[in-house]
Amino acid sequence: MTTTTTASPVADARMLGLAHYAARGVLEHVLARHGATFLEQVALRAAVTAEAPQTPDDLVARVRASVKGDPADARAALAALRAKDLLAADGPHLLPTEAGRALLTTVAAETGPLSARVWDGIPAEDLAAAGRVLALVAARADRELAALEGATPAN
């Protein structure tokens, strides 16, 4: 009699990507119901969570730090948020409007139960280990990206 054991998948770039895109897909589904995109949500969250008012350039830098994307895409997201009255100009700054804050609150309320089901039952020690590994991978990848771009990494 032959027994077959299934080994747990090894964490690697592909597995990380699959997990990221699965979770992002859930978020994007919720955002689409509200006429928002993932990048718009990232930009809006950057404005809402900033400790001080942000200029458009500040927000582009914060979005780029989060998603490592093209600055032109971040600027397009900011323009879309302004067109939807989710961000408003206040002198040189872009500030979240009440509608922008409400959108983030609504999306958080809708994604909360979904996220809870995704993370349910994962032992705390596994989450802690995964957190340590992901922080290390992110820091190393940031250094590699900075080297490729000829810049100094933030960390």
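A residue is called buried when its relative accessible area is under 20%, exposed when over 50%, and partly exposed in between (1.4 Å probe, protein chains only). By this criterion T111 is buried, with a relative accessible area of 13%. The structure is a predicted model, in which local features need pLDDT of at least 70 and side-chain atom pairs count only at pLDDT 80 or more, while totals for chains, interfaces and linings use all residues. Residues are numbered from 1 along each chain as its sequence is written, and side-chain values use heavy atoms, leaving out hydrogens and water.

**Helix α5 and T111**
- T111 lies in helix α5; helices (H or I, at least four residues) and strands (E, at least two) are DSSP runs numbered from the N terminus.
- Apart from neighbours within four places in sequence, T111 is in contact (heavy atoms within 4.5 Å) with L27 and V30.

**Nonpolar core**
- A nonpolar core is a set of buried Ala, Val, Leu, Ile, Met, Phe, Trp, Tyr and Cys residues joined through side-chain atoms within 4.5 Å.
- The largest such core has 23 residues, of which L59, L78 and L87 touch the most other members.
- Two or more residues of this core come from each of α1 (13–33), α2 (38–49), α3 (56–67), α4 (71–83) and α5 (98–119), with α2 giving the largest share, 6 residues.
- Beyond four places in sequence, the contacts of L59 include A43, A46, A47, L78, L87 and L94.

**β-Hairpin**
- Strands β1 (residues 87–90) and β2 (residues 93–96) run antiparallel and are joined by 4 bridges; pairing requires at least two DSSP bridges.
- A89 has L94 of β2 as its bridge partner.
- The hairpin has 2 residues between its strands, and G91 takes a positive phi near 65°.
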